[in-house]
Amino acid sequence: KNSVKAMEKELVTCSLRGKENAALKRTQIFQIPGSKDLETKVIVVLGKAGMGKSILVQKICQDWSNGEFSQFEFVFWFDCKQISLPEKRYSLKDLLLDFFVKPQEGSKEIFEYILQNPAKVLLVFDGFEGLHDHENFPRCSARQPEKDLCSIKDLLSGLIQKKILNGCTLLLTARPKDKVYQYVSKVDKTIEIVGFSPQQRELYITKYFEGLPYSDNALKLIKECEYLFSHCYSPAMCRFVCFLCETILEMGDKSLPSTLTTVFLKLVQQKIIPMQTDVTAMQNQESLAVLAHIAWYLGEKHQSAMKSHPLHSKEVKEFALKYGFFLPFAFPRHSDSGEDKFGSTFSDFVVQNFLGALHLMLAEEIKDKSLTKYLSFPSKKKKPYNWLDLVPRFLAGLLFLQDDPYFCSLSNKDVKQSTKKQKTFLKYIRKLQINELCPERLLELLHCIYETQSNYLLQHVALRLKPDLSFLGVFLTPPDVHVLRSILKMSRKEFSLDLRNSSIDMQGLKDLVGLKNVASFRASLGDTVRLWKSLEQAKDYELLRTSTEKFVLDPFKAKTMKDISDLSDLVEMKEKMINSVQDASGCSSYEIPAIKNLRKLEFALGPVCGLQGFLKLVEILAAFPSIQHLDLDALSENGIGDEGAKSLSEVFPTLKSLETLNLSQNKITDVGAEKLATALPFLTSLKTLSLYNNSICDFGAENLAKVLPVMTSLRVLDVQYNKITGAGAQQLTDSLRKCPHIKNLVMWNPIIPYGVLEHLQQLDSRISV
C-alpha cells in the first residue's frame with residue numbers, strides 16, 4: 001500500500017506539461033521500448049472531456065479490424081460509464097465472451113486460448129473515471145479472479161495488479177485531473193491529447209460547412225468571435241460552435257453569442273423553442289428543470305450515465321431523448337437475465353455541466369447564501385466541490401442573464417431569488433483575496449468573471465491581479481489565454497508573466513507577449529525561439545524587437561539535451577535577428593537582452609547525457625558575456641569528467657564576469673584539475689570555486705596550490721571529499737600563506753589524518769574542517 005502511495009507521489013510530480021507537443025501516429029501508441037511480453041503493459045491516454053479520447057479508441061478498434069496492430073489477436077473495448085452500471089458480478093470469461101462478443105460456439109476453447117496467450121490481448125477501458133468514484137477503488141480480493149464472480153471494478157483491479165491475464169496490454173483513457181495514477185502502480189506509457197491547432201480548427205470548420213451556400217461566411221463569423229474560436233481547440237466544442245453557427249446563418253442572423261453560457265443557452269433554446277406551443281412550454285420548462293436536477297445529482301456521484309432515476313419519468317426521458325440531451329444505450333444480455341436492459345447517458349459532458357449549473361439557478365432549495373460553496377476558487381487550496389468542473393463558469397454566466405429572454409423562456413424561476421443569488425456572488429467576489437489564489441484557481445476565476453461580461457467585475461479583478469503572474473507548469477489552453485489577455489488589457493499595471501512549461505501555443509504566446517502592459521515574460525526557450533522565427537519570417541520586426549526586449553532567460557537551468565539545443569538555437573539565431581531588428585529600427589547596434597543579461601546558468605543533465613550535453617554547452621558559453629554563476633552540481637551527478645573540465649578550461653578567457661564556478665561531483669581527476677589550474681588565472685572575477693566530491697589527488701592539489709596566489713579575486717575554495725592526502729593538504733596550506741585575499745579553504749578529506757588537518761587549521765584559521 002505504501003509503495004503505491006509513493007509511486008503516486010512520484011508520478012504526480014512528474015508533470016507532462018514540460019513535454020513537447022508532437023504528432024503521434026496511432027501505430028506508435030503501442031510501441032514501448034524495452035517492454036517484456038511476460039508483463040502486463042499499461043498505456044494511459046489523457047485528455048479533457050471532448051478531446052476525442054473515445055474517437056481515438058474506436059479508431060484503434062477499426063484499424064485493428066482492417067489488419068493493423070497484428071500483434072493483437074483479440075481486442076476488447078469497454079465504455080466504463082456503461083459497464084459500471086449493471087451492478088452484477090462477472091467472471092473474466094463472462095466479461096469478455098458473454099458481455100462483449102458472445103461467440104456462437106467454442107467459448108471454452110477461445111477463453112483457454114486467451115489465458116494461454118495474454119500478450120495477444122488488448123483490453124481498452126474508455127473513460128476510466130466512470131469505473132471509480134471519488135472515494136475508493138477496490139483491490140482485487142478474489143482467490144481465482146479468472147473464474148470467480150467479481151464486480152467490474154474488481155476485475156479491472158485484478159488486471160492492473162497482474163493477478164488476471166498477466167502479459168496483456170491495457171489501454172486506459174482518463175481526464176488529466178483524474179486519479180488514474182492512484183490505482184495504477186506502474187504506467188508504461190502516457191499520451192496526452194491536447195486538441196486542435198488553429199490550422200486544424202479552420203480545417204474542421206471548413207469541412208463541416210463544405211458544400212453549403214454560406215460556407216465562407218461561417219468560418220469568417222466564427223473567427224471574428226475570438227473567444228468561441230479559441231474554444232474550438234476542443235473537438236466537441238468545435239462541433240457545438242459549428243452547429244450553432246449553422247442555425248444562426250439559416251435564420252439570417254449575423255453574430256454569434258459572446259460567451260460559453262450564451263452559446264449553450266442559445267443551443268437549448270434552438271432545440272426546444274421552435275417546436276413548442278403555449279401548451280407544451282410549461283411542460284418543457286418542468287422537464288428541463290427535472291433534467292437539470294438529474295445532471296447535478298449524477299455529477300455529484302461522478303457519473304454521466306444511469307439505468308433509472310427517481311425523477312426519471314417517462315415524459316422527462318422522452319423529452320431528453322427527443323431534444324438530444326440523452327443518448328440511449330443497451331446493456332448486453334447476460335446469460336442469467338431475460339430481455340436487454342436500456343440505460344441513458346448525457347449526450348455530452350459539457351451539456352451535463354450546463355444543465356447542472358441551470359439546476360443551481362432554478363432549484364428553490366439552494367439558497368443564495370449556499371451558492372458560493374459550488375464555486376471552485378477558494379483562496380485556500382481546497383479541492384473543487386464537484387466533478388462537473390465547468391459548472392462554476394456556467395453558473396456565473398447564468399447569474400447575469402436573468403433578464404435574457406431566452407433564459408426566461410426556459411424557466412418559471414423567481415426573479416427575486418435569482419437577484420439575491422447574483423448579489424451574493426458579487427459580495428463573494430469583492431471579498432475574495434484575488435492576489436492569493438494559486439494559478440489554477442485564478443484561471444477559473446477569470447473564466448467565471450468573463451462569462452458574466454460584467455464591466456464592474458472585469459475591472460475589479462483586473463485591478464487586483466498581482467504584477468508577477470506565474471503559470472509555471474500550468475496547462476494554458478487557448479480559452480485560458482483569451483480570458484487572461486482580455487483581463488490584462490483592462491489593467492493599468494505592468495505585468496511580468498512566467499509561461500514556462502504551460503504548453504501555450506504560438507498564437508497564445510504572441511497575443512500575451514504583444515500586450516503593452518506585459519513588461520517582461522518567461523516562456524519555454526523552444527517556444528520563444530519558434531515565436532521569434534515566425535515573426536522574422538512574417539517580417540513583423542516591431543513585435544520581434546519588443547518581444548526580445550521583454551524576454552527573460554535568467555536564471556536558466558538546463559535539464560535535458562533539448563534545453564541545450566534550444567540554447568544553441570537562440571545563439572545561432574542571434575546574428576540573423578540582430579540584423580533584422582537593426583534594419584527595421586535603424587539602430588547601429590542591438591543585442592538580445594536575454595543573452596546579454598544571463599547571469600546564472602545551472603546544468604543538470606545527469607550521468608547519461610552529462611558529458612555530451614556539456615561539450616555542446618561549452619561551444620556557446622562565450623555568447624553569454626555576463627555569466628556570473630556557472631553551476632554544474634546536480635543531485636544525479638553530471639559526470640563531465642576530465643574531458644569536460646579540459647573543454648571548459650579552454651573557454652575561461654571569455655568568461656570575464658564569472659564569480660562562482662561549481663564543479664562538484666563531476667568525477668574530475670588530477671588530469672582535469674591540472675587543465676583547470678592552468679587556465680584559472682583567466683577568470684579574473686572568480687570569487688568561489690567548488691571542486692567538492694571529485695577524484696582529485698595530491699598532484700591536482702599541487703597544481704591548484706601553484707595558481708592560488710595569482711587568483712586575487714578568489715575568496716572561497718572547496719576541495720573536500722576528494723582523494724587528497726596530508727601531503728596535498730600541506731601544499732595547499734603553504735600556498736594559502738601567500739593568499740591574503742582568500743577567506744575560506746574547505747578541504748576535509750577522509751584520507752587526511754584528523755590530527756594533520758587539525759594542526760593545519762591551527763596554522764591558518766581560514767581552513768575549515
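The chain has 32 helices and 19 strands, where helices (H or I, at least four residues) and strands (E, at least two) are DSSP runs numbered from the N terminus. The model is predicted, so that local features need pLDDT of at least 70 and side-chain atom pairs count only at pLDDT 80 or more, whereas totals for chains, interfaces and linings use all residues. Residues are numbered from 1 along each chain as its sequence is written, and side-chain values use heavy atoms, with hydrogens and water left out.

The pLDDT, the predictor's confidence in each residue from 0 to 100, averages 84 over the chain, and 84% of the residues score at least 70. Over residues 1-19 the pLDDT stays under 50, and for this stretch the model has 18 contacts beyond four places in sequence. Contact means heavy atoms within 4.5 Å.

Of the 769 residues of the chain, 52% count as buried, that is, under 20% relative accessible area; exposed means over 50%, and partly exposed in between (1.4 Å probe, protein chains only). Among contacts between residues at least 6 apart in sequence, 76% join residues at least 24 apart. Q507 lies in helix 22 (residues 506-513) and is partly exposed, with a relative accessible area of 40%.

Two helix pairs may now be considered. The axes of helix 23 (residues 525-537) and helix 24 (residues 541-550) come within 8 Å and cross at roughly 155°. Axes are lines fitted to C-alpha atoms, for helices over the stretch in contact, and angles run from 0 to 180 degrees between N-to-C directions. Helix 23 and helix 24 are therefore roughly antiparallel to each other; angles under 35 degrees count as roughly parallel, over 145 as roughly antiparallel, 65 to 115 as roughly perpendicular and the rest as oblique. In this pair, W532, L535 and E536 of helix 23 make the contact with Y541, L543, L544, S547 and T548 of helix 24. These residues divide into five nonpolar, two polar and one charged, with Ala, Val, Leu, Ile, Met, Phe, Trp, Tyr, Cys and Pro counted as nonpolar, Asp, Glu, Lys and Arg as charged, and the others, Gly among them, as polar.

Helix 28 (residues 641-649) and helix 29 (residues 670-679) have axes that come within 8 Å and cross at roughly 10°, and the two are therefore roughly parallel to each other. Here D642, A645, K646 and S649 in helix 28 meet V671, G672, K675, L676 and A679 in helix 29. By class, this contact has four nonpolar, two polar and three charged residues.
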